[in-house]
Amino acid sequence: MSLPSDDELFLAIRGQFEDTHRLCQLANALGRLHWRKLLGKPACAESCCERTELIYEIDLWVSERLPVPHPSATLHTETLGQVIDRFACAVVRAYHLLMTLDPVDVRVHAAWYRVAELADGYTDLCTEVGNRARRLPVGGECR
């Protein structure tokens, strides 16, 4: 199973991608959703439902393609859909702060630092899953 890199996801969330990888498409949809939510455009219930559906779709796509974990693989606390959703939210927030605050503002720095942390965490998780050293929890049903 080939997962997109953190850079590919980052670009997809920003809408700056040419990749047709399904996870990049779903990350882009999450980025657009978080941006609309930040601007107060969708109703909360509508936004939450769409977000849940996108996370579920990521988890379903990944679950059909994951290598079988090693018997001693440790369980991660979140599904890959939840990880990508958190990353998308952080990227959108960081860009918003960069556009609305002075770039030297400590909040801008903190937001971009968080994006870097989440990118590293995503990369580490993908490596561990690919090496069969980590297993992901089963995603919840979409209702």
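Buried means under 20% relative accessible area, exposed means over 50%, and partly exposed is what lies in between, using a 1.4 Å probe and protein chains only. Keep those cut-offs handy for the tour.

This is a predicted model, in which local features need pLDDT of at least 70 and side-chain atom pairs count only at pLDDT 80 or more, while totals for chains, interfaces and linings use all residues. Residues are numbered from 1 along each chain as its sequence is written, and side-chain values use heavy atoms, with hydrogens and water left out.

**Stop 1**

Start by selecting Arg51, which is partly exposed with a relative accessible area of 29%. The term salt bridge covers a side-chain nitrogen of Lys or Arg within 4 Å of a carboxyl oxygen of Asp or Glu. Helices here are DSSP runs (H or I, at least four residues), numbered from the N terminus. Is Asp85 buried or exposed? At 3% relative accessibility, Asp85 counts as buried.

**Stop 2: Glu50 and Arg36**

Next, select Glu50 together with Arg36, whose side chains form a salt bridge at 2.9 Å, N to O. Here too distant parts of the chain are linked: Glu50 belongs to helix 3 (residues 44–63) and Arg36 to helix 2 (residues 22–38), 14 residues apart. Glu50 is partly exposed, at 27% relative accessible area, and Arg36 is partly exposed, with a value of 27%.

**Stop 3: Glu64 and Arg65**

Move on to Arg65 and Glu64, where a salt bridge spans 3.4 Å, N to O. Glu64 is exposed at 56% relative accessible area, whereas Arg65 is partly exposed at 36%. How many salt bridges are there by this rule? The count comes to eight.

**Stop 4: the nonpolar core**

Now select Leu23, Leu80, Ile84, Phe87 and Tyr122, which touch the most other members of the largest nonpolar core, a group of 37 residues. Such a core is a set of buried Ala, Val, Leu, Ile, Met, Phe, Trp, Tyr and Cys residues joined through side-chain atoms within 4.5 Å. Helix 1 (6–13), helix 2, helix 3, helix 4 and helix 5 (106–130) each supply at least two residues of this core, and helix 4 gives the most, with eleven.

**Stop 5: around Phe87**

Finally, centre on Phe87. Leaving aside neighbours within four places in sequence, Phe87 is in contact (heavy atoms within 4.5 Å) with Asp6, Leu9, Phe10, Ile13, Val115, Leu118 and Ala119.
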